[in-house]
Amino acid sequence: MTDRAVRNLANLKKSASTARVLNLLRVWDEHGATDGWKAAPMFRHPSLNRALILKHRLRRDEVDRFRVRRHVATKIILPIDRGDLRIGGRYGFVDEIGYDRLMEETFGIGPSHPDRQVLALMDELPGLDPFLLREQLRRHGFAPDPCYFNLTEADLSRMTEFVSEEIRPLVDLSLGPDADLTAENPVSRLTGKIMSFTPGEDMSSLGATLQLDPQEYEEGVFCWKGFLYYKWSLQTVIGDIGGVLDSVRRAKPYGRLDPEQSIAIERVREVVERRIILTCESASDMLKVYDEAFVAMTQQGDPSRFRDFLRDAPLLFARLGERLGAVQHIVSFWRFRTASGKPRLTPEEFLDLLADFEVSLSGRERADVVALAA
């Protein structure tokens, strides 16, 4: 693995987005002594199972590390000192040139090792949010312990107010009409139970209402948290995308622009804008299925629709996560690449970047939503 130090790992731990970072060191800190962590690890190699894995926006000097042109890669970071992330770490990229040798020399694992398969599945994804990741691994026969699929501290903090407002109609149903509302805020308590994934006895009435056995109930709470996460993510993306679309429309590449490049840029610019809008609408349509089931339970007295929805929810995670991940990638990378102080995009770079956005959105429009929601 390269000797180049990775800096600001401590800051990464504090501010990281769930969609971008999988902090296995944090999972080990919090769950390393549990039977679940030991029996069903994410990775079999102990160093990999304490690494930080993230979706990384490639810099100009990093693009040539790959045989195929790409703008985002999956980075594996091994902290030098697990007790002090300020020291930094060493890193490598999944599928970079020399990847086989890197994995053999660093971890002693070959191409057929299960850890290599898990890394390849992660690399296929636009992001690393736990709901999309778990479904991706499940479809390919991998089932790590639930402790690996939590939100980052930063996203938990940012989501709390949103989730509290979303679940307010359910407080009476979940805690019962005789709950002591003068004690700890019941909305805050229920929010904490959902977000921490520790349902506990004071949510057992909701499980009984939904007619779910304990195992189904735990799965249901996980799926519920997933849709709250996606709904919050969509709200955040929609708040950001307008400014990015406007910036893409107005952006002008630096340097000589020949007529063919000008025509190509305008074509791809229009395609990207249309696909971004359709992709957001596609995600919104899928979330309406959740909203309708939630309303049926809280306002129409029909918990069966919400129960059935939670049972089917994993089928939606892959499509929702892919759509939101693709748009989040565009927002994040456009801001990164056009930030103050960055070199201006040449016509070739501008076309290449727009083409990457076009490909990342391909097939994520609304065409399959009606069939999916039916």
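Biologist: What should I know before we start?

Modeller: It's a predicted model, where local features need pLDDT of at least 70, side-chain atom pairs count only at pLDDT 80 or more, and totals for chains, interfaces and linings use all residues. Residues are numbered from 1 along each chain as its sequence is written, and side-chain values use heavy atoms, with hydrogens and water left out.

Biologist: How many helices and strands are there in the protein chain?

Modeller: The chain has 16 helices and 4 strands. Those are DSSP runs numbered from the N terminus: helices are H or I with at least four residues, strands are E with at least two.

Biologist: What makes a residue of β2 buried, and how many of the residues of β2 are buried?

Modeller: Buried means under 20% relative accessible area, exposed means over 50%, and partly exposed is in between, using a 1.4 Å probe and protein chains only. In β2, 5 of the 6 residues are buried, so the strand is largely enclosed by the rest of the structure. Across the protein chain, 50% of the 374 residues are buried.

Biologist: How do you know which strands pair with β2?

Modeller: Two strands pair if DSSP finds at least two bridges between them. β2 (residues 52-57) and β3 have 6 bridges in the antiparallel sense, while β1 and β2 have 3, also antiparallel. Both pairs therefore meet the cut-off of at least two. As for partners, H56 bridges to A73 in β3, I53 to I76 in β3, and N23 stands opposite L52 in β2.

Biologist: Which are the edge strands of the sheet?

Modeller: The open sheet of 4 strands runs β1-β2-β3-β4 with antiparallel pairing. β1 (21-23) and β4 are the edge strands, as each pairs on one side only.

Biologist: Why are the buried residues of α4 said to be on the same side?

Modeller: In α4 (residues 99-107), the buried residues are Y99, L102, M103 and F107. They cover an arc of only 95° around the axis, which puts them on the same side of α4. That arc is taken from the directions from the helix axis to the C-beta atoms. On the other side, R101 and E105 are exposed.

Biologist: What do the buried residues of α4 pack against?

Modeller: They pack against β3 (72-79), β4 (89-93) and α5 (114-124). Contact here means heavy atoms within 4.5 Å. Just after α4, G108 takes a positive phi of about 70°.

Biologist: Why are α11 and α14 called roughly parallel?

Modeller: Angles under 35 degrees count as roughly parallel, over 145 as roughly antiparallel, 65 to 115 as roughly perpendicular, and the rest as oblique. Helix α11 (residues 214-250) and helix α14 (residues 314-337) pack at about 30°, with axes 9 Å apart, and are therefore roughly parallel to each other. The axes are lines fitted to C-alpha atoms, for helices over the stretch in contact, and angles run from 0 to 180 degrees between N-to-C directions.

Biologist: Where do α12 and α14 meet?

Modeller: Helix α12 (residues 259-298) and α14 pack at about 145°, with axes 10 Å apart. Among the α12 residues involved are I276, T279 and C280, and those in α14 include L316, R319 and L320.
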